[in-house]
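Subject: Structure handover

Hello,

Please find the structure below. My notes on it come after.

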Amino acid sequence: MDMPVPSPEILSRRGQILAALQAVLPSDAVISDQVELRAYECDALSAYRCAPLAAILPRSTAEVAAALRVCHAAGVPVVPRGAGTSLAGGALPTADSVILGVARMNAVLEVSYPDRFIRVQSGRTNLSVSGAVEEAGFFYAPDPSSQLACAIAGNVAMNSGGAHCLKYGVTTNNLLGVTMVQMDGTVVEVGGPWMDAPGLDLLGVICGSEGQLGVVTEATLRILPKPEGALPVLIGFEASEVAGACVSDIIKAGVLPVAIEFMDGPCIKACEAFAKAGYPDCEALLIVEVEGAEAEIRHQLALITEIARRHNPCALREAADADQAKRIWLGRKSAFGAMGQINDYMCLDGTIPVSSLPLVLRRIGELSRHYGLDVANVFHAGDGNMHPLILYNANQPGQQALCEAFGADILRLCVEVGGCLTGEHGVGIEKRDLMEVQYAAADLEAQMQVKDVFDPGWLLNPAKVFPLHVTAGRREGGASMAGHRAG
Amino acid sequence: MNVMRPGTEVELSELIRAASGPVAVRGGGTRGRMAPAAVLATGGLAGIRLYEPGALTMVAGAGTAVEEIEAALAVEGQRLAFEVPDLRRLLGRQGASTLGGVVAENASGPRRVSVGACRDFCLGLRFVDGTGRVIRNGGRVMKNVTGYDLVKLLAGSRGQLGIITEVALKVLPRPEGEATLCLPGLSDTQAIAALSAALGSPYEVTGAAHLPGQGSYLRIEGFADSVRYRLRRLQDLLAPFGVVEEVPSPWAAIRDVMALADLPGDLWRLHLVPSEAAEVVARIGARAVVYDWGGALAWLRVAPGTDVRSLAGAYRGHARCLIGDAPEAPEAPALAALTAGLRHQFDPKGIFA
């Protein structure tokens, strides 16, 4: 993935820019030391690295606004950063950009149980939002795998999902309002603890805009009462296609599980070797979780196992209690770690219509043989959000490029069958150059016109989401405007 | 009045390219405000184009009648979970509601409190903007974060940015059973406290409304045994509020706000936080009220010309007049600037009335 060439003109003004930031922020909020800056050179897409010009760690909306005014006046690109867990390079800086990290802004500002919302600063981690309300019997539903570390700011930027969004939806379905600072320092309140916007649904377009429209400093989130209980069932099959057909039948039967997770043979073997969860030796495995009161759980599990039996499963295990449930989830939850033990891997995130699952799995197998790279599949089957993991050796010259080409072919396949490039990780830099596969020029132009309104100078996270050749004019226009301001 | 009836998206695009004066988009004419302008009817852009029950997905033209969509879903035991309100009697309208109109108004019924709004069930759409461009956004899959979410921006935009031509919807299974509990005789404040207690319980309430003078209602849906179980648990939980009895389903009437139909006066719709709702409504002094969404929504009939916004005082939420002369509330300056900027981008000729 290419990144824009850093502006020598901005680099030459580094001293002035740092001084201007130090003038409006507390001294410990501006990081300029080259060693310390290395902590901000990448996110979880760690194959790509670049130290920023500086990093700033404000503590309030007012400090964010003051710092953005400085960067705006100086024409410096700003890359917002939550906890740096993006798998798509959403927080990857350029050498001429300032990283704006919200990690120090993590307070709970307000909780109302009768109105079922919580308002937090955006640097708060996903899991600690649930942590703040769990004693009262509530939780925050979106649960990305990185929920222990990832920040609400990043969740809002990427419209993050998780294993349980089949029932509860993703971030955009659970976000009620934000306080956001625009690139020019304007603070805007969008939405609030009530439902639905009076005018245009700006919140809907801000969520998932990958930090390109503004820096979200506070968020009002919907909280839900915790279910009485939840239990999974594990179902093994001799073929992936059969597992796919079983998923479709479960959904069609009117059961709506909270999660349907899928793992294929290579993934099952790796997880078993790593976590020893006691998984059966088979070609495809489903973990289906249902929620509710004891009787309700039993009833739903009975329906699901009845449907599964019609597909001749080679293994079928209902969890009898919380311990067995934990064991069933153990392998799935350690899937990424297990794959990381045996290889370098690239994790994809395309989504497909559930009905295309068998076809797509077969074609991925064919592509795997064509490229000579192994692939393991683990994904949220209920909503068609696939996570093929392509295994490669990063130390072997040419393998990363080969792996990226394989990945691009899989994503093209997802689009071809009526799906999309990314279901929950975001475009970032990773899928940026494939956007023209999914969208026509007019579709992309319409999206960029939204950014033109929020950030006319294209200074916020400018090298992401859209192919660089498509945004070149806008980014250069912003830079020349900035040069004019600085001059 | 001039009525344009494009039969295809291409024809629509050509009409918009040629248009110079104000254009008012009309689906079935059953819910939006009617602007004095040349009418652009979407009835020609109709038809269900894809329905995959196993993937919970339907794609249909914007001019498709909601009735046709609901009938097709019923055959497969599915439904539009956000519960489309039929406001014809309330607003004194004729016609057949269309998918495009429902999405453009982000129209959601009582189940919005638990499953989300219409916009939460829109997976993708196509629209023609004010320059005649055809734009596609989103798709037909459940999870999609590829690029900006213009689907949400268009949902509820009331035709200000473009004319929706096609929508991909997420649909849900119709549950096996349904039951309703009624708590009679509660004050507005007590009623909303009871609804909040129920919505804060794990018993998955999918409707929570209060009709002053009639009763406070809670809906439970799901597998038959589960409905019976949760009904009993809710009765226990709500015992401190007095009598809790099972009643026949009142939800169609609540969805369509029938309690306020055929009454004189202005009609308002307030979005509130439940804990403030009863006080705000008391300050306004309405003739008749229907609370839905656990108190997060209040429909009001007031004397003609009542200045609802100034009577309401400071509160969290917003208010809109549906029958009466009160204009839309002004937005905060920073929001208004963004709205104006977006309207200029998608409708530079300013033709969408």
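Predicted model: local features only at pLDDT ≥ 70, side-chain atom pairs only at ≥ 80, totals over all residues.

Residues are numbered from 1 along each chain as its sequence is written, and chains are lettered from A and ligands numbered from 1 in the order in which they are written.

Chain contact. Chain A puts 78 residues into the contact and chain B 67 (two residues are in contact if their C-beta atoms, placed from the backbone, lie within 7 Å). On the chain B side, helix α12 (residues 333–346) gives the most, with seven residues. That side of chain B has 30 nonpolar, 23 polar and 14 charged residues (Ala, Val, Leu, Ile, Met, Phe, Trp, Tyr, Cys and Pro count as nonpolar, Asp, Glu, Lys and Arg as charged, and the others, Gly among them, as polar).

Domains of chain B. The assignment, automatic or from a database, gives domain 1 (3–173), domain 2 (177–255) and domain 3 (258–323). The centres of domain 1 and domain 2 of chain B, taken over C-alpha atoms, are 32 Å apart. Seven residues of domain 1 of chain B touch ten of domain 2 of chain B, and the domain 1 side has three nonpolar, two polar and two charged residues.

Helices. Helices here are DSSP runs of H or I with at least four residues, and strands are runs of E with at least two, both numbered from the N terminus. In chain A, the axes of α10 (residues 265–275) and α13 (residues 335–342) come within 8 Å and cross at roughly 90° (axes are lines fitted to C-alpha atoms over the stretch in contact, with angles from 0 to 180 degrees between N-to-C directions). The two helices are therefore roughly perpendicular (65 to 115 degrees; under 35 is roughly parallel, over 145 roughly antiparallel, and the rest oblique). Their contact has nine nonpolar, two polar and no charged residues.

Positive phi. Which value does phi of A:Arg116 take? Phi is near 55°, positive in a residue other than glycine. A:Arg116 sits in the loop between β5 (108–112) and β6 (117–121) of chain A and is buried, with 24 other C-beta atoms within 10 Å (20 or more make a residue buried, 12 or fewer exposed, and counts in between partly exposed, with C-beta atoms placed from the backbone). B:Arg158 also has a positive phi, about 50°, and is partly exposed, with 19 C-beta neighbours inside 10 Å.

Regards
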